[in-house]
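Dear colleague,

I am passing on the structure we spoke about, followed by some notes on what was found in it. Please read the notes with the model open beside you.

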Amino acid sequence: ADKEITILASEGAYNHLLPMAEGHNLVLLAPHSVWSVNGVTFYAVHAEHSDRSAVGFIIDDGKKTYYVSGDTLYNYDVIDDVLDLVEDGVDYAFLPINGRGNNMNAKDAADFAYELDAGRAVPIHYGMLDEVSPESFDFEDAFVLTPFQPAEL
């Protein structure tokens, strides 16, 4: 509350956050929007979700590229959007594996990571509303984060 923050959001999130955003920089990003700050560029890409305004992000710091899908299903348009921006694949792909609420399951997420030619893939969205564990994510270079533990990527 004492310091202005910038929040990059899809239309659905933007509309939800707008009443609470006073004093902060709320930025609406639709697919193919770009936002840059301090040498880091955020590219919004399509996400296949029940919220038709959902987006994922490619984050490029000039050294590595990170793809954070957010809620999405395996979808060729999503893959094409990502690969149009990072032809050589992403260094890290953060992908949902719970198979619930219009999210990929572990198998689809692993296939998706291979399609993206991801260097490493990080399973996300599991263990809260489901019984899925990260061990079900069968990607050769999976990187499993430990909750509340810092990790260097």
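N102 is partly exposed at 33% relative accessibility, a class between buried (under 20% relative accessible area) and exposed (over 50%), taken with a 1.4 Å probe on protein chains only. This is a predicted model, in which local features need pLDDT of at least 70 and side-chain atom pairs count only at pLDDT 80 or more, while totals for chains, interfaces and linings use all residues. Residues are numbered from 1 along each chain as its sequence is written, and side-chain values use heavy atoms, with hydrogens and water left out.

N102 sits in the loop between β7 and α3, helices (H or I, at least four residues) and strands (E, at least two) being DSSP runs numbered from the N terminus; although not a glycine, N102 has a positive phi of about 65°. H32, in the loop between β2 (25-28) and β3 (34-37), is likewise a residue other than glycine with a positive phi, near 80°, and H32 is exposed, with a relative accessible area of 59%.

Helix α3 (residues 106-115) contains Y114, which is partly exposed at 44% relative accessible area. Setting aside residues up to four places away in sequence, Y114 touches D138, F139 and E140, contact meaning heavy atoms within 4.5 Å. A polar atom of the Y114 side chain lies 3.0 Å from the backbone nitrogen of E140, and the C-alpha atoms of Y114 and D138, 24 residues apart along the chain, are separated by 11 Å.

Best wishes

Note on methods
A polar contact is a pair of N or O atoms within 3.5 Å; within protein, one must be able to donate a hydrogen and the other to accept it, and residues adjacent in sequence count only if both atoms are side-chain atoms.
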